[in-house]
Amino acid sequence: MISSETRTTPSPSGEGYRHELYPYQGSEEFLSGTLGFVREARDGGEAVVVAVPEEKAALPRAEMPEDDTVRYVETSAVAHHPGRLIEAWQEWIKAHTAEGRPVRGIGESPWSEVRSPAEAEELRYREWLLNKAFAAGPAWWLLCPYDIAVEGAELERMSRCHPAIRAGGRSETSETYDAQAPFDFSPLSHPCSP
């Protein structure tokens, strides 16, 4: 799933779109990974949009309140309409890049609010589509936390949607991501009988 080649994660300035999966387990690991990412951004003069479910946003917000460099956005409102998340990211990135400031984002889908396997598939598809939607756009960097305690069985499928995987504050290339491969949709269930 992850290549053995490891490098220090550089600033996204001038590098185009970077999309990293951050597998974590529990609140403590979520907090340490996201705060580290935000601190790196602030040290580099970058703006950060943290778009995670409210219960998760409360953790980094307690240690790093919102200011002119860090903005928190609650994602539950679009949990059941994942296509709206791409448009929201486009608006946030456009607003920040218009200021001439490099941008980072932290985006965790509200997996705990998913009501069906079809909805989960749609959220995963949206992760894959982000690579297409921002391929030719401005340079920015998106970190996607993913709680393996809740959704561990899907980790390999999620790694196919992310070109890189972050662990221990470092970025590693995902061996299962292939920019040319089509999305691996789950097979449809059999139709109901009449």
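In this predicted model, the charged end of Arg104 sits over the ring of Phe37, 4.7 Å from its centre. Lys56 is likewise placed over the face of Phe30, 5.5 Å from the ring centre. A charge counts as over a ring if NZ of Lys or CZ of Arg is within 6 Å of the ring centre and within 35 degrees of the ring normal.

Phe37 also has an aromatic partner, Trp141. Their rings are 5.3 Å apart centre to centre, with 90 degrees between the planes, an edge-to-face pair. Rings of Phe, Tyr and Trp (its six-membered ring) pair if their centres lie within 6.5 Å; planes under 30 degrees apart count as stacked, over 60 as edge-to-face and the rest as tilted. Because Phe37 belongs to helix H1 (residues 26–43) and Trp141 to strand S6 (residues 140–147), the pair ties together parts 104 residues apart in sequence. Helices (H or I, at least four residues) and strands (E, at least two) are DSSP runs, numbered from the N terminus. Both Phe37 and Trp141 are buried, that is, under 20% relative accessible area (1.4 Å probe, protein chains only).

The whole structure has 13 aromatic pairs. Trp89 and Trp92, both buried, are 3 residues apart in helix H3 (residues 83–98), about one helical turn. Ring pairs join Trp89 and Trp92 with Tyr17, Phe134 and Trp140 in a cluster.

Residues are numbered from 1 along each chain as its sequence is written. Local features need pLDDT of at least 70, side-chain atom pairs count only at pLDDT 80 or more, totals for chains, interfaces and linings use all residues, and side-chain values use heavy atoms, with hydrogens and water left out.

Definitions and conventions: Buried means under 20% relative accessible area, exposed over 50%, partly exposed in between (1.4 Å probe, protein chains only).
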